[in-house]
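Hi,

Here is the model we talked about. Please open it alongside this note; what I found follows below.

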Amino acid sequence: MFQRPRGTRDFGPEEMTRRRWAESQMRNTAIGFGFREIQLPTFEGLDLFTTKSGQGIVDELYAFEDKGGRMMALRPEMTAQVMRFYIAEMSVQPKPLKLFYFGPCFRYENPQSGRFREFFQLGAEIIGSRTPETDAEVISLAVSTIESTGLKNCRLRIGYIGVLRSMLANAGILDSKISEGLHLLDKNDEKGFSAFASEAGISEEKVAEMLSLRGIGGGEEVLDRVPSDDAKKYLQELSGMMKKIGIRGFEFDLGIVRGLDYYSGMVFEIDAPNLGAEKQVCGGGSYSLIPAFGGEEVFTTGFALGFDRVLIALEKEEFEIQSPGLDAFIIPLGEEARESCMELVSRLRKSGFIVDFDLMRRNLSKNLKYASSAGAKTAIILGTKELSSGTATIRDMVTGDQKEVPLDSIRDFLGSNP
RNA sequence: GCCGGGGUGGGGUAAUGGUAUCCUUGGGGACUGUGGAUCCCUUGAACCGGGUUCGAUUCCCGGUCCCGGCCCCA
């Protein structure tokens, strides 16, 4: 027996129905927002990812040498690829460029709830625009894709990493050290941060001010306490737009520090509280990653969404979608009916009905049982009796009512009894 | 990388130091056109390796995988 690799999953028919449904809801939402889909390779040269995230991530990648001696890696996320693609082939496209993508990603991690080695992400970016409405559009898409799946219970928090970033910079911290400081704040490591700051010659007063930023969280009113006028104005403007487009119940949280260096302004996170330890379903913000990849500076706002986590959260809310089932299951009785049955099947399929028929030459009662378990709406019985009169017997699988219908009229009969 | 709890047919389970119960599912039959039922038959299982033992599914150790948590989180 073969075992599935650790941290991967098989998706059976029922689960796949659910996944495809959710995926198409999200995809349609993005298209409705004017985003266009791209698809990029599942593996890339290793350096694409180390350039973005540092050498340290190699431990957490599926990295390998190919037969040509090149170092490659399965993608752990897709943002770096989008940047590569943009610089190589899309940089002269009209701005703003609104792109989205969906696909599997891979990380060598220890599996737990909501955490797998192969997982699926949906992401979107707006490239080349830098206005509050750009940020609002991205957040709005993130929220809408999640809501489009029927998920009710989630929490949006919006922050502004630019405030801390500029405070650290103004205090004279080198660019190369800023992310270290942010990281300490992210972990709520006050002692560590104080030590880091005093080493860099920052006054205690300033340190206290920076630490207090983390306490700024709540509704619009907390924006008065934002120390930077630019950031305050920006967030107030954003807040007004969010209200206009109907996004409610979000909070501001100046304590959000997204792990990576490249976020520069607005940042946001969406949690699904019923998920347990791995409850973040979406994260994003505005950044400029492109110079690091060898392009001109272009502002971008984007997000990545954990598709699997959304589905787990949906399951916990006991959300159910109805799977399509069969419009008809066709049962031939006797040798002579078999070919007529297949002819009818083919005709109905060409008319767009979801139709299946008996492949195992079973008797009527077993066939009805099978039709029932396959979720067929009707069973169509075609035997010698019917053949001689050019009809078929259509049995409603819910009510049990039966009716003899001329072969030519079956299409209309099925169409009129949805 | 670390910690806790687990692993018996496809799914769900029972008992047990002497190779395994029941339910469900799958296949077939009774059965010659309505029995989506019922009854009968049937396929199918101890995660892997080592140890203790006359004998291990059971006890011990290691690995592996699953569930959950820590770390990390692009």
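Just after helix 12, G375 takes a positive phi of about 75°. At the other end, where helix 12 starts, a side-chain oxygen of N363 comes within 3.2 Å of the backbone nitrogen of S365. Keep in mind that this is a predicted model.

Helix 12 also matters for the RNA side of the picture. It gives the most to the surface near RNA strand B, with six residues. Helix 12 (364-373), helix 13 (384-389) and strand 16 (391-396) each supply at least two residues of that surface.

How many residues surround RNA strand B? There are 43, and the closest are N110, R115, E386, M397 and Q402. Of the RNA atoms that come within 4 Å of the protein, sugar and phosphate account for 47%. By residue type, the surface near RNA strand B divides into ten nonpolar, 16 polar and 17 charged.

- Q112: an N or O atom of the side chain is 3.4 Å from a base nitrogen of RNA strand B.
- K385: a backbone N or O atom lies 2.9 Å from a base oxygen of RNA strand B.
- R395: an N or O atom of the side chain is 2.9 Å from a base nitrogen of RNA strand B.

Now the domains. The assignment for chain A gives domain 1 (13-316) and domain 2 (326-416). Their C-alpha centres lie 53 Å apart.

Next, helix 3 (residues 79-90). It has twelve residues, yet its end C-alpha atoms are only 15 Å apart. A straight helix would reach 16 Å at 1.5 Å a residue. Its buried residues are T79, A80, Q81, V82, M83, F85, Y86 and M90. They pack against strand 2 (43-45), helix 2 (46-53), strand 5 (97-106), strand 6, strand 11 (280-287) and strand 12 (300-306).

Strand 6 (residues 118-127) holds Q121. Is Q121 buried or exposed? Q121 counts as buried because its relative accessible area is 10%, which is under 20%. Setting aside residues up to four places away in sequence, Q121 touches E77, M78, Y101, F102, G103, C105, R107, A304, L305 and F307.

Helix 5 (residues 161-170) is mostly covered, with seven of its ten residues buried. Those are I161, G162, V163, L164, R165, M167 and L168. What covers them includes strand 7 (155-160), helix 6 (175-186), helix 7 (190-199), helix 8 (204-213), helix 9 (229-244) and strand 10 (263-271). After helix 5 comes G172, with a positive phi near 95°.

Which residues does E269 contact? Leaving aside neighbours within four places in sequence, they are R155, L156, R157, I256, R258, Q280, C282 and G283. With R157, the E269 side chain makes a polar contact to the side chain, at 2.7 Å. R155 is 114 residues from E269 along the chain, and their C-alpha atoms are separated by 8.1 Å.

Best wishes

Conventions:
Residues are numbered from 1 along each chain as its sequence is written. Chains are lettered from A and ligands numbered from 1 in the order in which they are written. This is a predicted model: local features need pLDDT of at least 70, side-chain atom pairs count only at pLDDT 80 or more; totals for chains, interfaces and linings use all residues. Side-chain values use heavy atoms; hydrogens and water are left out. Helices (H or I, at least four residues) and strands (E, at least two) are DSSP runs, numbered from the N terminus. Buried means under 20% relative accessible area, exposed over 50%, partly exposed in between (1.4 Å probe, protein chains only). Contact means heavy atoms within 4.5 Å. A residue is near a molecule or strand if one of its heavy atoms lies within 4 Å of it. A polar contact is a pair of N or O atoms within 3.5 Å; within protein, one must be able to donate a hydrogen and the other to accept it, and residues adjacent in sequence count only if both atoms are side-chain atoms. Ala, Val, Leu, Ile, Met, Phe, Trp, Tyr, Cys and Pro count as nonpolar, Asp, Glu, Lys and Arg as charged, and the others, Gly among them, as polar. The expected span of a helix is 1.5 Å times one less than its number of residues. Domain bounds come from an automatic or database domain assignment.
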